[in-house]
Amino acid sequence: MSSRSLRRHVTSALMTGLVAALSFTAVLALLLILGHLIAKGASSLDWNFFTNSPVPAGQTGGGVANAIVGTGIIVGLAALIGLPIGIGTGLYLAEYGSGRLGWTVRFVADVLNGTPSIVVGIFAWRWLVKPMGHFSAAAGSVALAVLMIPMIARTTEEMVRLVPHSLREAALALGYPRWRTSLRVVARTALAGIVTGCLVGVARIAGETAPLLFTALGNLNFDTSISEPMQTLSLQIFTYATGPFEEWHRLAWAAALVLMGLVLILGVAARWAIRQRHDTP
Amino acid sequence: MTPPDVRLRLETVRLTALYGRRAVVKDISLLFGAHTVTAVIGPSGCGKSTFLRCLNRMHELSEGGWVTGRVLLDGADIYDSGVDPVQLRRRIGMVFQRPTPFPTMSIYDNVAAGLRVNGHRGRRELDEVVERALRQAALWDEVKDRLRHSALALSGGQQQRLCIARALAPQPEVLLLDEPTASLDPAGTQRIEELCHELKRLYTIVIVTHNMQQAARVSDYTAFFYLGDLIEVGRTEQLFTRPTKEQTEAYITGRFG
């Protein structure tokens, strides 16, 4: 083996080892978090934890049923508001967004994407909570929707752009109007990718805490009215983890494990949506 | 060039196609008789594909694409302000270089797509048209038992014939083929060429190809384009055996292009 060839092989081996080590580090962080959560929280998971609401401070027992339901309602409502707007914006950007308006929308979406979530929370407080006179789950949903829209819009745009131009032309040459080409052919072809983007977007906001502090506020009782303050898992973790009681800390770990589990389920669902697309014969 | 016994179907009159201020097809006047196959040949970049895309107003969808001159379909200018290009494209079918089946649709739905978009919904009518189109495209026997399967399960050659069936289903008057065999193997190519012979009984066909043997095999008339200009047009056997222009002879004998 010549010295040059040897050098190439050594360099290749070194670089491969380096990127493998870096990937391992990235995965390690997730494994450590998950392992720690299971170690600290799994022992507290029982039937009562999922079916009971919190008990007054100082007593043992109690669960996070109200927070699980609250997370479902607030995130669900946020998705209901955010997904249609986000997907619509993404479609517009990909199909018609080549002009000045498209550029502007894209720029605003990118800025909004980078806006700290707590700032969005403050705005929701200023424009919703303050005029209404009290905290509410609905205000929390709006704040989360605002966080979600730019994310969904940009991923939808990326996915729609991946659809080959030839497919668009084939539909147009067949006498499809432009809007029908966009919806029936282009968007449908990109559907798996769009769904994946939506699931990742929902997972991302499911764990948000900061924007809910001034909007949904939190609630120690079981309450399903969206015009009232509502508990979510993230708020519950925040309250319990920063509280003074050992019992609360224990529950915070368990709640964190549940929240992580929900996000993982969404992540797996996203993977599954992609797999469906490639397995289609 | 078109003999008197052939009815005129399509005609371009001083057609020029531009991207912005750059003309890529210059001042082309050509006649296409009903039930004839006309091949457009020439080296890459000679404007033959762009010319084809002017015939169903696809060129204007490209960035900066526009045309001057006229294109007459049965005597009426398709570039008239009263003509809706979407409606027009339902009368002029097109098949592209690479097969473009709609990946989310079944074989059946692919063929029915052009009819459904035109408002045809009746179950029995669709069944009939889909079968007829697939038969015309010589694909029926291969797919009749799996019409509900994804179109992506077909081979490249089958996909291309599916695209031809899809273009035929709305019963267009003219069929535009843009290098339809460019991505196919010899067997697939042969099937498409045989199809051209069959289909000209029903349609007027314009085929763009960079393969001169193919042009010689399938077409009645051949037009040779070079750098956006129409150099020569004539009956295929005449153009290939006794070209009148120096450039045509150089191209068909393989001296350039």
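This briefing walks through a predicted two-chain model, topic by topic. Because the model is predicted, local features need pLDDT of at least 70 and side-chain atom pairs count only at pLDDT 80 or more, while totals for chains, interfaces and linings use all residues. Residues are numbered from 1 along each chain as its sequence is written, and chains are lettered from A and ligands numbered from 1 in the order in which they are written. Helices (H or I, at least four residues) and strands (E, at least two) are DSSP runs, numbered from the N terminus.

**Chain A: the helical chain**

- Chain A holds 12 helices and zero strands.
- Its C-alpha atoms fill a box of roughly 65 × 60 × 35 Å along the principal axes.
- Of the 281 residues of chain A, 39% are buried; a residue counts as buried if 20 or more other C-beta atoms lie within 10 Å of its own, exposed if 12 or fewer, and partly exposed in between, with C-beta atoms placed from the backbone.
- Among the contacts in chain A with a separation of 6 or more, 75% come from residues 24 or more positions apart; two residues are in contact if their C-beta atoms, placed from the backbone, lie within 7 Å.
- Helix α3 of chain A covers residues 65-96, 32 residues in total, and spans 45 Å from its first C-alpha to its last, close to the 46 Å expected at 1.5 Å a residue. The expected span is 1.5 Å times one less than the number of residues.
- This helix, α3(A), bends by about 30° at A:Gly82, with the proline A:Pro84 following within four residues. The bend at a residue is the angle between axes fitted to the seven residues ending there and the seven starting there.

**Chain B: the six-stranded sheet**

- An open sheet of six strands in chain B has the order β6-β7-β8-β3-β9-β10, with mixed pairing; two strands pair if DSSP finds at least two bridges between them.
- At its edges are β6 (92-95) and β10 (229-235) of chain B, each pairing on one side only.
- On average, neighbouring strands of this sheet are turned by 15° against each other, direction ignored. Axes here are lines fitted to C-alpha atoms, for helices over the stretch in contact, and angles run from 0 to 180 degrees between N-to-C directions.
- Helix α6 (residues 156-168) of chain B packs on the sheet and touches β6 and β7 (174-178) of chain B; the direction of α6 makes about 170° with that of β6(B).

- Strand β3 (residues 37-41) of chain B runs parallel to β9 (residues 221-226) of chain B, joined by four bridges, and B:Thr38 stands opposite B:Tyr221 in β9(B).
- Four bridges also link β3(B) and β8(B) in the parallel sense, where B:Thr38 has B:Val206 as its bridge partner in β8(B).
- β7(B) and β8(B) run parallel and share five bridges; B:Val174 is partnered by B:Thr204 in β8(B).
- From β7(B) the chain passes through helix α7 (residues 186-199) of chain B to β8(B), in a right-handed β-α-β crossover. Right-handed means that, with the strands pointing away from the viewer, the path from the first strand over the helix to the second runs clockwise.
- In strand β8 (residues 204-208) of chain B, five of five residues are buried. B:Thr204, B:Val206 and B:Val208 lie on one side, and B:Ile205 and B:Ile207 on the other.
- In a regular strand the side chains alternate between the two faces of the sheet.

**Chain B: the four-stranded sheet**

- Four strands of chain B form an open antiparallel sheet in the order β2-β1-β4-β5.
- The edge strands of this sheet are β2 and β5 (76-77) of chain B, each pairing on one side only.
- Strand β4 (residues 65-73) of chain B runs antiparallel to β5(B) through two bridges, with B:Asp77 in β5(B) as the bridge partner of B:Leu72.

**Two positive phi values**

- Most residues other than glycine have a negative phi.
- B:His35, in the loop between β2 (22-33) and β3 of chain B, has a positive phi near 60°. B:His35 counts as partly exposed because it has 15 C-beta neighbours inside 10 Å.
- B:Gln171, in the loop between α6 and β7 of chain B, has a positive phi of about 50°. With 15 other C-beta atoms within 10 Å, B:Gln171 is partly exposed.

**Where the chains meet**

- 24 residues of chain B are in contact with 16 residues of chain A.
- On the chain B side, α2 (85-89) and α3 (107-116) are the elements that give two or more residues, and α2(B) provides the largest share, three residues.
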